[in-house]
Amino acid sequence: MLNYDISRMKHRVEFGTYSYVPDDTLEGGHEEFKPTETVWCGEYTNTQTQTYTNLGTNINVDLVLAIRHNPNVNKKLTAKYLDKEYKIVAINSDDRINAFDLVTLQDKSGLNDSDK
């Protein structure tokens with residue numbers, strides 16, 4: 001995607017993984033988010049046609065972010081945006097110069113453990 005107003009990229013999104021951190025609790029530890037990439041982003045609004053297309057699928061899309069193309073961002077990572085955690089559902093990648101990727105996110109708080 002080449003046409004995106006760069007002045008709309010005024011937020012930061014972190015992409016990362018979880019690692020086990022031992023502590024003094026009865027469980028012996030907890031999972032902690034470890035960011036691996038932090039990039040500028042802007043929220044992307046789907047066109048009416050894209051919205052209708054999404055309604056026909058089983059994907060529950062909560063948010064689409066536009067970021068500069070970054071080959072290190074992939075679906076194995078978790079996204080943290082505005083203090084909420086998201087599962088990456090899809091990445092519409094464009095590796096041309098000055099291009100943007102669309103990262104489709106789903107809120108992790110509404111997912112079952114098997115969906116995460």
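## Salt bridges

Let's start with a contact between charged side chains: lysine 34 and glutamate 32 meet in a salt bridge, 3.0 Å from N to O. (A salt bridge here is a side-chain nitrogen of Lys or Arg within 4 Å of a carboxyl oxygen of Asp or Glu.) Keep in mind that this is a predicted model, where local features need pLDDT of at least 70, side-chain atom pairs count only at pLDDT 80 or more, and totals for chains, interfaces and linings use all residues. Residues are numbered from 1 along each chain as its sequence is written, and side-chain values use heavy atoms, with hydrogens and water left out.

Searching the whole structure turns up 3 salt bridges. Another one joins lysine 84 to aspartate 107, with the closest N and O atoms 3.0 Å apart. That pair links distant parts of the chain, 23 residues apart: lysine 84 is in strand β5 and aspartate 107 in strand β6 (residues 100-107). (Strands are DSSP runs of E with at least two residues, numbered from the N terminus.) Lysine 84 counts as partly exposed because its relative accessible area is 39%, while aspartate 107, at 15%, is buried. (Buried means under 20% relative accessible area, exposed over 50%, and partly exposed in between, with a 1.4 Å probe and protein chains only.) Arginine 96 and aspartate 94 also form a salt bridge, at 2.6 Å from N to O.

## The barrel

Six strands make a closed barrel, in the order β1-β2-β3-β6-β5-β4, with antiparallel pairing. (Two strands pair if DSSP finds at least two bridges between them.) For example, β2 and strand β3 (residues 63-68) pair in the antiparallel sense over 3 bridges. Glycine 42 sits opposite alanine 66 in β3.

## Aromatic rings

How many aromatic pairs does a search of the whole structure find? There is 1. (Rings of Phe, Tyr and Trp, the last by its six-membered ring, pair if their centres lie within 6.5 Å; planes under 30 degrees apart count as stacked, over 60 as edge-to-face and the rest as tilted.) Tyrosine 18 belongs to strand β1 (residues 11-22) and phenylalanine 33 to strand β2 (residues 29-43). Phenylalanine 33 is buried, at 12% relative accessibility.

## A loop to look at

Leucine 82 is in the loop between β4 (78-81) and β5 (84-92). Its phi is positive, about 50°, although leucine 82 is not a glycine. Aspartate 83 is found in the loop between β4 and β5, with a positive phi of about 65°.

Note on methods. Helices (H or I, at least four residues) and strands (E, at least two) are DSSP runs, numbered from the N terminus.
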